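Visitor: I would like a close look at one part of this model. Please put the structure up, and I will start with the charged side chains.

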Amino acid sequence: SVILLEQSRHVGGMVTGGLGATDKGKTEAIGGLALEFFRRVGKIYDQPVAWNFEPHVAQKVFRDWLREAGVEPQFNHELAEVRLKDGHIEALRMTSGRVIAGRIFIDASYEGDLMAQAKALYTVGREGQEQYHETLAGRLELSTWDQFWTIVNPFTKDGRLLPLIHNGDSGKPGAADRKVQAYNYRLCLSNDKSNQIPVSAPPGYDPARFELLGRYLRNPGHRLILNNLIMLVKVS
């Protein structure tokens, strides 16, 4: 039997959280449960397989899948404490006060709170090339799609660095580091007036935090592929 605990209100991670454009690469390499997921999504759109989709469609597929397996997810359950006995997890206490015992515990989250509180061994960041003899491991000196295509002034008028810019050595190419991927927001927009809500600034929004991107977009030498920003999806 399985108890699936989720601290938010949805299952599926980034696939249902806004990432409806699949970084698929070679589709021939996708099989198993992953391919079954894309086929189930495609069925909703009357397609053999769908690589681009709306988050609510992905959510439906996952929820139906869980229902078929007899698993009912428990939402809004945040971890408060991990109870250990002889180095093994005995039970979890949630912020609601609920205590859950089990034989096997799996941390499938982004944050890894269960793993950390259980004092499990883990690593953060990228391994260096030497560790597993991988030529593309570690810090990359040049990444075609993940860097600016032109030089952007990173300083304010008074000589300070713009927000979110690291002040220090960027590291040796191929070396290990403890950096993690940045958190991102992805959202769906509609050109159907009846299916729109106003886009307003969230509390505490400060446009100055995104000045570096603004300068890049205003630079005549920038290169930004619109397909990286816009994805057209048939509405289900």
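Visitor: With which residue does Arg 139 form a salt bridge, and how far apart are the closest N and O atoms?

Guide: The partner is Glu 141, and the closest N and O atoms are 2.8 Å apart. A ground rule on confidence comes next. This is a predicted model, where local features need pLDDT of at least 70, side-chain atom pairs count only at pLDDT 80 or more, and totals for chains, interfaces and linings use all residues. Residues are numbered from 1 along each chain as its sequence is written, and side-chain values use heavy atoms, with hydrogens and water left out.

A salt bridge here is a side-chain nitrogen of Lys or Arg within 4 Å of a carboxyl oxygen of Asp or Glu. That rule gives twelve salt bridges. Side chains of opposite charge can pair when their charged atoms come close.

How covered is Arg 139? Its relative accessibility is 15%, so Arg 139 counts as buried. The classes are buried under 20% relative accessible area, exposed over 50%, and partly exposed in between, with a 1.4 Å probe and protein chains only.

Compare some other pairs. Arg 126 bridges to Asp 177, with closest N and O atoms 2.5 Å apart. This pair links distant parts of the chain, 51 residues apart: Arg 126 is in the loop between helix H3 (113-117) and helix H4 (129-132), and Asp 177 is in the loop between H4 and helix H5 (211-218). Helices are DSSP runs (H or I, at least four residues), numbered from the N terminus. Arg 126 is partly exposed because its relative accessibility is 35%. Asp 177 stands at 17%, so Asp 177 is buried.

Arg 218 and Glu 211 also meet in a salt bridge, at 2.9 Å from N to O. Arg 218 is exposed at 58% relative accessible area. Glu 211 is partly exposed at 24%.

One set goes beyond a pair. Salt bridges link Glu 36, Arg 40 and Glu 68 in a network.

Now helix H2, residues 55-68. The expected span is 1.5 Å times one less than the number of residues. For its 14 residues that should be 20 Å, and the end C-alpha atoms are 20 Å apart, which agrees. Pro 55, Val 57, Ala 58, Gln 59, Val 61 and Leu 66 are buried in H2. The buried residues of H2 pack against helix H1 (32-44), where contact means heavy atoms within 4.5 Å. After H2 comes Gly 70, with a positive phi near 75°.

The nonpolar side is next. A nonpolar core is a set of buried Ala, Val, Leu, Ile, Met, Phe, Trp, Tyr and Cys residues joined through side-chain atoms within 4.5 Å. The largest one has twelve residues, among them Phe 38, Trp 51, Val 57 and Val 61. H1 and H2 are the elements that give two or more residues to this core. H1 supplies the largest share, four residues. Phe 38 touches Thr 22, Ile 30, Val 49, Ala 50, Trp 51 and Phe 53, leaving aside residues up to four places away in sequence. A second, separate core has six residues, including Leu 92, Met 94, Ile 100 and Leu 114.
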